[in-house]
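User: I am new to this structure and would like to go through it step by step. Could you take my questions one at a time?

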Amino acid sequence: MTTTRTIVGPEAPLAADLHLPTKYGRAEHVLDILIRSIVPILLALVAGGLLLLALGHNPLIFYRDIWRGGVESGSWQDSAIRMAPFLLIAAGLTVIFRANIWNLGYNGQFLLAAALVSGYAPALVGDLPLWFATVLLFLLAGATAALWTLVPAVLKARYGTNEIITTLMMSFIAIDLASILIKGPFHDPTTPLPQTEVIPLEKMLPSIPGTRIHVGVLVAFAAVLVVHFVLTRTSWGLRIQILGANPRAARHVGIKLPRLIIVAFLTSGFLIGLAAAADILGLWGYIRTGWNPAYGDTIIPFVFLARLNMLAVVPFIAFFSILSTGGDLAAQQAGLPTDFLLVLVGLILLFMTVIEYLGRRRELGESYLSPGLRQALRAPILRRREA
Amino acid sequence: MILASQVWTQLFWTTLLSGGLVAGTPLMFTALGETISERAGVLNIGLEGMMLLGAYFGFLGTYYGHSVWLGYLCGMAAGIGASLVMVVLCVWLGLDQIVVGIAITLAGEGVTSVLYQTHFSTSQPLLGAVPRDPIPLLDQIPILGKAVNGEFPLFSQPLIVYLGLAFAVLLTWIYRSTNVGLNLRAAGEKPEALDAAGVSVMATRSYAAMATGALAGIGGALLVILTGTFQPFLTQGQGFIAIVIAMLARGNPLGVVAGSFLFGISLSLNDELQLIGVNLSPEVLHMLPFVLIIVALVLFARRAYLPPALALPYVRGAR
């Protein structure tokens, strides 16, 4: 049995398919979900504030600077621009996590697609009609990242090889490969710096009239809507959900697991590739070696907080965009490295799992302690009584 | 001319072997740790964060305590501290091990980077060179033992390197012929059976996770002590590489030693190749082992074996 077993991560579904008992009304249900989503963020902000205090900074000033740098006086537009790659990565992760498969190679997929886009963009936007070149570059990025998931996908689908290892390793390879490409064939000969040719400003993604926000953000929102529709309103979405809930049941109802796993992987990679295209064509215009924003690392918590619901992810991503845009300024003001935001995100993840646990216990009407732990705590007392 | 080339090749082999060993040792400690918790059914994705915490506190210990051993101790303590989060949330409460692991990695990256940059960014202190402990007699063997041009050969390494190798052997014995080893494996293969045998699954998994944290902490501290300074994100994914090595070695400590040594060589090969005048891009060398593993996985896809109960929380009485 162990030889044919496919390893599909924990069989207990993630936060996704939590059906509350009927004794709760709809309003209570919504309230419950709101509490479970927002409390972890608040707790993380409080804990982060305590950490700031310990480092000798005033957390209130820090958080006020985040608001100033992320929302006020037009900087909300910068936050909105950051949402483009974030949303697309979130979409890519939601698709694959719903199938309860771990695509942890998002950094490599993103970076390789970004390298190819910035490598080919200067030539393509010069030779072809701009709209055509742009569409082509988006497709190129999507195809690159999708292709990069193919090896883990096939290994997972055919042999059940753990996708955490394979996607991570493919990610390491992609990061090195991107660096090789940037130094080699894509290197801008006019500069000694290891970077690609800068795309002329007028050839980058156009802005939405009246703002600085590029249309890549609209592409991201459109992708979110499409993914939401596909995941919740089509049979393919349902199949993904069944695969995520119980792979054995999925096979039992006649779903072709290998094909579904591979297509889920390709979709995930494609969306992550689009994120790279939107980021390069909309914001940066070139890429340099060593640049690895690792967006996905910080997006994961919010994908879970949104319970793998594509629409619910949008407010969280908006929040995080403000946090990261304003956080850069606040950290600068406070003389802290921006890596402080990583601490906040890590704390959000930790508090989220705890709150999720407490919520599930409450709704099952169980004690907040796990049975094993209760046993462990009770055992010494019982023993004393017996003695 | 012939003489010169002979010296170069000898120097090349000396540095290749010792460089591989030195670069591979932090990885070896961490990956050995991962085999322990993996056997017990706890998938520790937070190794990267634990290594970084171990590295930072190992740096503090060595810098302020003026002793590498204090550094290892501090690194170990930091690793255990981080693993306690894992113990409470994943083992006791049964929360998702992968989510908690990612959280530990992120928080570890952030905390160490912030602490280092607030306290040391202006001074950027360096640790002293590591004391070397040549093995008597063996250090007389050419290439393997005799120092060439100030390069330290295989048998003149810091004591901790030998301790690590000895620990791998010890671990093999523990896994193979002790009750502790059997309990660990049962906790990962069939926790119900272990429970029925009257051994606490919770306790077994808790100690396993803590041992992993301790070893990852030592691995991080080693990384700092061998490179001589701390830098934010200095592990560069080595925590994840350690997970890969542990999985591919199927939890076999000696396999882990071999894997870490190979990775160590590929990590340090760049310097050696430059010594003999070959200039290969560091990226190519860096990705080579990963490419090899992927090719190996495609060819022998069934080799990576994981315990059936890995990453699954144990709930007594659940189906």
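User: How many Å apart do the C-alpha centres of domain 1 of chain A and domain 2 of chain A lie?

Analyst: This is a predicted model, and in it chain A is divided into domain 1, made of 25-57 and 336-380, and domain 2, which covers 83-335. Taking the C-alpha centres of these two domains of chain A, the distance between them is 28 Å.

User: Which element gives the most to the side of domain 1 of chain A that touches domain 2 of chain A?

Analyst: The contact takes 12 residues from domain 1 of chain A and 11 residues from domain 2 of chain A. On the domain 1 side, α1 (26-54) and α14 (340-364) of chain A each supply at least two residues, and by class that side divides into 9 nonpolar, 3 polar and no charged residues. The element that gives the most there, with 6 residues, is α14(A).

User: Which element gives the most to the side of chain B that touches chain A?

Analyst: Between the chains, 47 residues of chain B are in contact with 47 residues of chain A. The elements giving two or more residues to the chain B side are α3 (68-92), α4 (97-119), α9 (238-248) and α11 (282-299) of chain B. With 14 residues, the element that gives the most is α4(B).

User: How many nonpolar residues does the side of chain B that touches chain A have?

Analyst: That side of chain B, to which α4(B) gives the most, can also be sorted by class. It has 8 polar and 5 charged residues, and its nonpolar residues number 34.

Terms used. Residues numbered from 1 in each chain as written. Chains lettered and ligands numbered in written order. Predicted model: local features only at pLDDT ≥ 70, side-chain atom pairs only at ≥ 80, totals over all residues. Contact = placed C-beta atoms within 7 Å. Helix = DSSP H or I, 4+ residues; strand = E, 2+ residues; numbered from the N terminus. Nonpolar A, V, L, I, M, F, W, Y, C, P; charged D, E, K, R; others polar. Domains from an automatic or database assignment.
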